[in-house]
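Hi everyone, thanks for coming along. Let me put the structure up on the screen, and then we can walk through it together.

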Amino acid sequence: MKELIVPSLRQILDNSARNYGEDVFIEYIEDGKKIQKSYIEVRLDALAACRYLRSFSTEKRHIAILGKTGYEYIIFFLAIILSGNAAVPLAPEISASEAAKLVETADVDAFIYGDVFLKKAGELDKLCPKLFPLLNYDEPGLFNILKRKYSDDSEFSYLSEFEVDLNDCCAIIYTSGT
């Protein structure tokens with residue numbers, strides 16, 4: 001039987017940026033304006049967020065992400081996986097007590113959240129005292145700070161230069177009704 005060789009997410013991002021460069025990768029509306037991000041921009045943003053996560057720890061962790069799907073959510077979901085961690089996406093409308101149960105079941109160490117989960121983040125923090133809140137990705141200006149501080153030419157650039165084990169779990173996905 002022939003062994004199937006699957007590229008890593010990092011390899012996919014690198015190859016896409018190299019092959020499609022400034023072509024539009026993603027398009028969305030923000031404050032009534034159409035925003036377009038190229039393959040290169042998505043790669044750079046995801047790697048900056050990856051370096052930010054690895055600056056806390058290079059050990060593999062399970063990191064929950066709670067919020068509405070949008071550009072920052074997508075970038076941090078990618079960053080969790082790129083950083084060698086396992087992403088645990090949870091629905092933004094989930095209650096803090098239900099999130100606490102899933103966090104415990106999935107052995108989550110930390111969480112990232114958007115404004116839609118802001119009020120519940122404090123509750124979750126109290127219900128799970130060992131859980132570390134990494135950041136609110138909707139914090140004004142935060143994303144631009146991360147892109148500057150953790151850029152390709154920053155002192156943190158080495159944090160994204162490592163090989164992931166392609167056999168490791170990279171996401172734990174809970175679906176409704178299962």
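Reading along the sequence, you can follow the pattern α-β-β-α-β-α-β-α-β-α-β-α. That makes 6 helices and 6 strands, where helices (H or I, at least four residues) and strands (E, at least two) are DSSP runs numbered from the N terminus. The radius of gyration is 16 Å, close to the 16 Å that the globule rule gives for 178 residues, so the protein is as compact as a globular protein of that length. That radius is taken over C-alpha atoms, and the rule is 2.2 Å times the number of residues to the power 0.38.

A word on where this comes from: it is a predicted model, so local features need pLDDT of at least 70 and side-chain atom pairs count only at pLDDT 80 or more, while totals for chains, interfaces and linings use all residues. Residues are numbered from 1 along each chain as its sequence is written, and side-chain values use heavy atoms, with hydrogens and water left out.

Now the inside. Buried residues make up 47% of the 178; buried means under 20% relative accessible area, exposed over 50%, and partly exposed in between, with a 1.4 Å probe and protein chains only.

Which residues of the largest nonpolar core touch the most other members? They are F76, I112 and L135, out of 34 residues. Such a core is a set of buried Ala, Val, Leu, Ile, Met, Phe, Trp, Tyr and Cys residues joined through side-chain atoms within 4.5 Å. Helix α3 gives the most to this core, with 9 residues. Leaving aside residues up to four places away in sequence, L135 touches Y52, F76, F111, I112, Y113, L142 and L146, a contact being heavy atoms within 4.5 Å. There is also a second, separate core of 19 residues, including A64, I94, F111 and I172.

Last stop, the largest pocket. Its lining has 21 residues, with I81, V164, D165, D168 and C170 nearest the centre. On a 1 Å grid over the protein atoms alone, a pocket is an open set of points where a 1.4 Å probe fits, with protein on both sides within 12 Å along at least five of seven lines, and lining residues have an atom within 4 Å of a point. Both α1 and α3 supply at least two lining residues each.
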